[in-house]
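Subject: Structure handover

Hi,

Here is the structure I said I would pass on. Please open it next to this note. My findings follow below.

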Amino acid sequence: MAMTLKVTYVDGVEKTYPLTARIEVEVERRFELALQDCRHREHTYYAAWIAQGKEGGFEELIDRIVTAEFVNDEEAKKPDPTGPGGSANSSS
């Protein structure tokens, strides 16, 4: 099953990045763990930093991220139920 990295930034922008071999290898080298064994948030945030091309410093990135998570591709394609048009926004 293909995986995607889903990142939400403090400005509300949400982006998805394909989980590439480059991301897997760099995370594994940095933390000496297989990607599926990464359990700390730092591991996921580091993967997000690599995914966006190491733009800016890592410390700058973690100030801009709200969440970062690995999801399967099917999950990444589902609309956010709390977003516009989602059921969580309906009022009674």
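What is the strand order in the open sheet, and is the pairing parallel or antiparallel? The model is predicted, so please read everything below as computed from it. The order is 2-1-3, with three strands and antiparallel pairing. Strand 2 (14–18) and strand 3 are the edge strands, and each pairs on one side only. From one strand to the next, the twist averages 20°.

Now the pairing in detail. Five bridges join strand 1 and strand 2 in the antiparallel sense. Thr-4 stands opposite Pro-18 in strand 2.

Next, how the helix meets the sheet. Helix 2 lies across strand 1, strand 2 and strand 3. Its direction is at about 90° to strand 3.

Then the core. The largest nonpolar core has 20 residues. Val-7, Val-27, Tyr-46, Ala-48 and Ile-65 touch the most other members. Five elements are listed as giving two or more residues: strand 1 (3–9), helix 1 (21–31), helix 2 (41–51), helix 3 (58–64) and strand 3 (65–72). Helix 2 gives the largest share, six residues. As background, nonpolar side chains in soluble globular proteins tend to be buried together.

Ile-65 deserves a look of its own. Leaving out residues up to four places away in sequence, Ile-65 touches Val-7, Thr-8, Tyr-9, Val-10, Tyr-45 and Ala-48.

Last, the rings. How many aromatic pairs are there? The count comes to four. In one of them, Phe-31 and Tyr-46 sit edge-to-face, 5.5 Å centre to centre, with 85° between the planes. This pair links distant parts of the chain: Phe-31 is in helix 1, Tyr-46 is in helix 2, and they are 15 residues apart. Trp-49 and Phe-58 form another edge-to-face pair, at 5.8 Å centre to centre and 70° between the planes. Ring pairs link Phe-31, Tyr-46, Trp-49 and Phe-58 into a cluster.

Phe-31 is at 17%, so it counts as buried. Tyr-46 is at 8%, so it is buried too. Trp-49 has 14% and is therefore buried. Phe-58, at 14%, also counts as buried.

Best wishes

Key. Residues are numbered from 1 along each chain as its sequence is written. This is a predicted model: local features need pLDDT of at least 70, side-chain atom pairs count only at pLDDT 80 or more; totals for chains, interfaces and linings use all residues. Side-chain values use heavy atoms; hydrogens and water are left out. A nonpolar core is a set of buried Ala, Val, Leu, Ile, Met, Phe, Trp, Tyr and Cys residues joined through side-chain atoms within 4.5 Å. Buried means under 20% relative accessible area, exposed over 50%, partly exposed in between (1.4 Å probe, protein chains only). Helices (H or I, at least four residues) and strands (E, at least two) are DSSP runs, numbered from the N terminus. Contact means heavy atoms within 4.5 Å. Two strands pair if DSSP finds at least two bridges between them. Axes are lines fitted to C-alpha atoms, for helices over the stretch in contact, and angles run from 0 to 180 degrees between N-to-C directions. Rings of Phe, Tyr and Trp (its six-membered ring) pair if their centres lie within 6.5 Å; planes under 30 degrees apart count as stacked, over 60 as edge-to-face and the rest as tilted.
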